[in-house]
Amino acid sequence: MCAIYCMPIPSGTAAVDRSLLRDDVYRRLRDAIVDGTFMPGEQLKDGELAEWLGVSRTPVREALLRLATSGLVVALPGRSTTVSIIDERAVRDARDVIAAMHELVARQITGRLSDDDIERMTDANRRFAAAVAADDVGAALDADEELHRIPVAALGNQALEAVLDQFEPLVRRTERLRFSGDAHASIELHDELIALLASGDAQKAASVAFHIWHSLPADDVADD
């Protein structure tokens, strides 16, 4: 059994505007879990979270329910809400779904990206490589996410985006906790994917996109 810890409210973080949309509250809490601000096993109290964000409890409670559907928190009605322990099977299942979605994106968007899209992906990979070299996990994963979201946004499939929004955070959290500076293979795969998307080889682009995500480790995840 993993211990449940009291939630440490971050200090020095300015409250967000009181007109904050529900989606913004959700994103702030999601990102705090993904980046490790709130660790597995920590209890989340809606009152304290509302005070931290400078909003009422209602959007916080709604955000926690959304996070529960993504598997990032475990909510026990009337009792407590805690950050979920990383579950190997849940991560593997999410990874497989995400890999299939990015494969579909690559298959459908190959040859249709603008020159600006290709340049932005190339720039994101440059920043990814620089962050890997500097062992800056946060910057590396931010650049990686930006790179992969460019073709997704260009395709404009809202149903597909909703699936990614639901399951990607679970995989991103595991990536962040297990990230290694030895990511040179990812840099090369990104370059290959970009070249294939630009060249119009949809079959190969889809295969590389699937491999990039499906090759992420999802086992032997520590339950710290």
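Which residue stands opposite Ser80 in S3? In this predicted model, in which local features need pLDDT of at least 70, side-chain atom pairs count only at pLDDT 80 or more, and totals for chains, interfaces and linings use all residues, that residue is Leu76. Residues are numbered from 1 along each chain as its sequence is written, and side-chain values use heavy atoms, with hydrogens and water left out.

Helices (H or I, at least four residues) and strands (E, at least two) are DSSP runs numbered from the N terminus, and two strands pair if DSSP finds at least two bridges between them. S2 is joined to antiparallel S3 (residues 80–83) by 4 bridges, and Val73 stands opposite Val83 in S3. The S2–S3 hairpin has 3 residues between its strands, and Gly78 in the turn has a positive phi of about 80°.

The structure also holds 2 cavities of 30 Å³ or more. A cavity is a set of points, on a 1 Å grid over the protein atoms alone, where a 1.4 Å probe fits but cannot get out; lining residues have an atom within 4 Å of a point. The largest cavity contains about 70 Å³ of space, a volume being the space filled by probe spheres set on the points. Its lining includes His102, His148 and Trp213. Helix H4 (88–109) supplies the largest share of this lining, 3 residues.

Methods: 1 Å grid on protein atoms, 1.4 Å probe; cavity = no way out; pocket = protein on both sides within 12 Å on 5 of 7 lines; lining within 4 Å.
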